[in-house]
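Dear colleague,

Please find below the structure I am handing over to you, followed by an account of what was found in it.

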Amino acid sequence: ARYMAAAGTIMSTGITEFGGQNFNTFVPGTYRSGTSIYIGGDVTLNGEGDYVFIAGTTLTTAAKTKIILTNGAKAENVVWALGTAATLGTGSIVEGSILAGTAITFGTNSELHGGCAIAKTAVFFESGGVVNTISV
């Protein structure tokens, strides 16, 4: 499996395309893509700390993918900041908050855990889309 250290070092191979690179495990840090982020398989956020994912354009998740939190990672410490839009595929589960320059679309039965969905234009829900927030 490929993962990226907080400093941006590529350390090994995986399944998530992030700006043309494939990763499936991330440690706390800030990750940038000048273009898009595509999550085509399960992704693990491993460890306590903040996770900031910044894309020049979009975040797209494939159907039934999930973000998995391990070793103290918390949804309230995850932010997806997007230049344009986010599209969560059918049945996908994303952790954290999504901030989109245009719109966010929740596919059928997709979920956002532990954060909020904020978009400049609109937030769309197909049937069964859910945002679960954490109260502190």
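Strand 13 and strand 16 (residues 111–113) are paired in the parallel sense through three bridges; strands here are DSSP runs of E with at least two residues, numbered from the N terminus, and two strands pair if DSSP finds at least two bridges between them. Within this pairing, Ile93 has Glu111 in strand 16 as its bridge partner. Both strands belong to an open sheet of three strands in the order 13-16-19, with parallel pairing. Strand 13 (93–95) and strand 19 (130–132) are its edge strands, each pairing on one side only. On average, neighbouring strands of this sheet are turned by 15° against each other, direction ignored; the axes are lines fitted to C-alpha atoms, and angles run from 0 to 180 degrees between N-to-C directions.

The model is predicted: local features need pLDDT of at least 70 and side-chain atom pairs count only at pLDDT 80 or more, whereas totals for chains, interfaces and linings use all residues. Residues are numbered from 1 along each chain as its sequence is written, and side-chain values use heavy atoms, with hydrogens and water left out.

The protein as a whole has zero helices (H or I runs of at least four residues) and 19 strands. Of its 136 residues, 38% are buried, meaning under 20% relative accessible area, where exposed is over 50% and partly exposed lies in between (1.4 Å probe, protein chains only). The accessible surface comes to about 6,200 Å², with 53% of it belonging to carbon and sulfur atoms; areas come from the Shrake-Rupley method with a 1.4 Å probe.

A second topic is an open sheet of five strands, ordered 5-8-11-14-17 with parallel pairing. Strand 5 (29–33) and strand 17 (117–119) stand at its edges with a single partner strand each, so one side of each is left without a neighbour in the sheet. Strand 14 (residues 97–100) pairs with strand 17 in the parallel sense over three bridges, and Ala100 stands opposite Ala119 in strand 17.

In strand 5 is Ser33, which counts as buried because its relative accessibility is 7%. A polar atom of the Ser33 side chain lies 3.0 Å from the backbone oxygen of Ser36. In strand 17 is Ile118, partly exposed at 46% relative accessibility. Leaving aside neighbours within four places in sequence, Ile118 is in contact (heavy atoms within 4.5 Å) with Ile98, Leu99, Ala100 and Ile104. Thr121, in the loop between strand 17 and strand 18 (122–125), is exposed with a relative accessible area of 62%. Thr121 and Ala103 are 18 residues apart in sequence, yet 5.4 Å apart in space, C-alpha to C-alpha.

With kind regards

Terms used. Polar contact = N/O pair within 3.5 Å; in protein donor to acceptor, adjacent residues only side chain to side chain.
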